[in-house]
Amino acid sequence: MARLARTAGLTDVQEEILSTVRTFVDKEIIPHAQSLEHGDTYPADIVEGMKEMGLFGLTIPEEFGGLGESLLTYALVVEQIARGWMSVSGVINTHFIVAHMLKQHGTPEQQQKYLPRMATGEVRGSFSMSEPELGSDVAAIRTRAVREGDDFVINGQKMWLTNGGTSNLTAVLVKTDEGAEKAHQNLTTFLVEKPEGYGEVVPGLTIPGKIDKMGYKGVDTTEMVFDGFRIPAEQVLGGHTGRGFRHMMDGVEVGRVNVAARACGIALRSFELAIEYAQQRKTFGKPIVEHQAIAFKLAEMATKVEAAHLMMVNAARLKDSGARNDVEAGMAKLIASEYCAEVTQEAFRIHGGYGYSKEYEIERLMREAPFLLIGEGTSEIQKTIISRGLLRDYQSRG
Ligand SMILES: Cc1cc2nc3c(=O)[nH]c(=O)nc-3n(C[C@H](O)[C@H](O)[C@H](O)COP(=O)(O)OP(=O)(O)OC[C@H]3O[C@@H](n4cnc5c(N)ncnc54)[C@H](O)[C@@H]3O)c2cc1C
């Protein structure tokens, strides 16, 4: 195996899982990614393969039928999958976040109801905070749930749901009337069950068609429209209203490690493609890798791949230790996504004109990388989180 992006101190089980996933990526994902992506085709066979490997239950505790693996194992798996095709990691990511939220915050009944079926992939999760008029400013959510007897009635519109059409359980953050002064204390997470598909899937709940995107194709991203949608009060995550913001922030904290891992995978693949191409392509009588300008680019790219990987691993291990990792996850997400954008750009340049051809993988990677600068919080939002965390720990004594 190549020397980049290795991780010291893994258990035999982790090594075995990673080796299985790496083989799956090389045989079942990389050879098909280009045509599926260009056709915007859902990777149904690949998803079935992931179900068979137990990846949908990777982090779900064994008592609920999962493999009970750590965030680190999950992140390393995601890094490998994204090395093959980022959209495939998108299929499991929202599922993983919802499973994490249920495991950490669900009532025993909710855990029993969903986690065993999530472990097999029968129940597939998506999550929704964003709305047409907000993404970064989560506390400004407008979609509202009002209590009516044993139910809540939800009205409003959500935006940008990854797996919105192909999931059947969505964790949705909406406003409830808690009377709290701080806006984020008036938010509640509901567990919305729905059939897969598009249109008015149940009375009062519509999933319009897929949003046409620049990259990240194959996996569906949708809106979700509530119009008098009734949901029983027992579907409030954790059984208490007003705690949704905390639930979601816990979800995105692990989600940020995941996005960092994806960025590592895409950067690694871009580097692999570039170093291969640079040894094949000749200009001025020698392979371009023998021009120092190209060799130095490769050295810088590899250093960025390695640095991002180490920070991603550090953030995952910290969360696994039980500590809060908001600053470290923010740093890992920030550096991995920014480096990923830079490394894909350099790999593209090394490919010369061919990098602009749809025949070459780098064209796809170039369109995937920018999403990582935005999803699970933009770079500006990561810097906000990091600087707030730093000020907590480095308070002036003056
Ligand atoms: C393909 C895709 C899939 C997605 N999937 C999901 C999903 O599954 N679930 C979900 O809930 N959301 C999802 N999102 C939404 C995503 O999380 C948001 O797009 C993201 O958080 C940014 O929000 P925004 O688009 O509203 O940008 P805005 O918040 O409007 O920001 C616009 C710009 O202003 C900057 N900015 C905003 N506030 C500040 C500030 N305080 N200081 C400095 N700069 C600031 C931002 O960094 C950005 O550059 C997805 C988005 C995409 C594109």
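Predicted model: local features only at pLDDT ≥ 70, side-chain atom pairs only at ≥ 80, totals over all residues.
Which residues does Asn93 touch, not counting residues up to four places away in sequence?

Asn93 sits in helix H4. Leaving out residues up to four places away in sequence, Asn93 touches Tyr74, Asn258, Arg262 and Glu376. With Asn258 there is a polar contact between the two side chains, at 3.2 Å. Asn93 is buried, its relative accessibility being 2%. For a sense of scale, consider Thr241: it is 148 residues from Asn93 in sequence, and the two C-alpha atoms are 25 Å apart in space.

The model contains seven aromatic pairs. One of them joins Tyr74 to Phe96; this pair is stacked, with 3.7 Å from centre to centre and 15° between the planes. Tyr74 belongs to helix H3, residues 71–84, and Phe96 to helix H4, residues 86–105, so the pair ties together parts of the chain that are 22 residues apart in sequence.

A contrasting geometry is found at Phe226 and Phe229. Their ring centres are 5.6 Å apart and their planes meet at 50°, so this pair counts as tilted. Phe226 and Phe229 are both buried. There is also an aromatic cluster, made up of Tyr277, Tyr354 and Tyr360.

Leaving aside neighbours within four places in sequence, the contacts of His351 are Leu273, Ala274, Tyr277, Tyr360 and Ile362. His351 is located in the loop between helix H8, residues 326–350, and helix H9.

I now move to the annotated regions. An unreviewed UniProt entry places the feature "domain: Acyl-CoA oxidase/dehydrogenase middle" at residues 126–227. In the model, that span is 0% helix and 47% strand, and its end C-alpha atoms are 20 Å apart. The unreviewed entry also places "domain: Acyl-CoA dehydrogenase/oxidase C-terminal" at residues 242–391. Here the composition is 77% helix and 3% strand, with the end C-alpha atoms 27 Å apart.

Two residues with positive phi deserve mention. Asn163 is not a glycine, yet its phi is about 65°. Asn163 is found in the loop between strand S3, residues 151–162, and strand S4, residues 169–175, and it is buried at 1% relative accessible area. Tyr216, also a residue other than glycine, has a positive phi near 55°. Tyr216 occupies the loop between strand S7, residues 205–207, and strand S8, residues 221–232. Its relative accessible area is 4%, and Tyr216 is therefore buried.

Next, the ligand. How many residues surround the ligand? There are 17, and the closest are Met129, Ser136, Trp160, Thr378 and Glu380. A polar side-chain atom of Ser130 lies 2.8 Å from a nitrogen atom of the ligand. At Gly135 the backbone takes part: one of its N or O atoms is 3.0 Å from a ligand oxygen. Glu380 brings a side-chain N or O atom to 2.7 Å from an oxygen atom of the ligand. Taken alone, the ligand would expose 970 Å², and the protein buries 62% of that area.

Thr378, named among the closest residues to the ligand, is also a contact of Leu373. Leu373 lies in the loop between helix H9, residues 361–372, and helix H10, residues 379–393. Apart from neighbours within four places in sequence, Leu373 is in contact with Lys333, Ser337, Glu338, Ala341, Thr378 and Ser379. Leu373 is partly exposed, at 23% relative accessibility. Its C-alpha atom is 32 Å from that of Thr11, a residue 362 places away along the chain.

To close, I return to the opening residue: Asn93 is buried, and its side chain makes a polar contact with that of Asn258.

Notes. Residues numbered from 1 in each chain as written. Heavy atoms only, no water. Phe/Tyr/Trp six-rings, centres within 6.5 Å; stacked < 30°, edge-to-face > 60°. Helix = DSSP H or I, 4+ residues; strand = E, 2+ residues; numbered from the N terminus. Buried < 20%, exposed > 50% of the residue type's maximum accessible area, 1.4 Å probe, protein only. UniProt positions renumbered as here; feature names shortened; annotations may be inferred. Near = heavy atom within 4 Å. Polar contact = N/O pair within 3.5 Å; in protein donor to acceptor, adjacent residues only side chain to side chain. Areas by Shrake-Rupley, 256 points an atom, 1.4 Å probe, with all protein chains shown as cover. Contact = heavy atoms within 4.5 Å.
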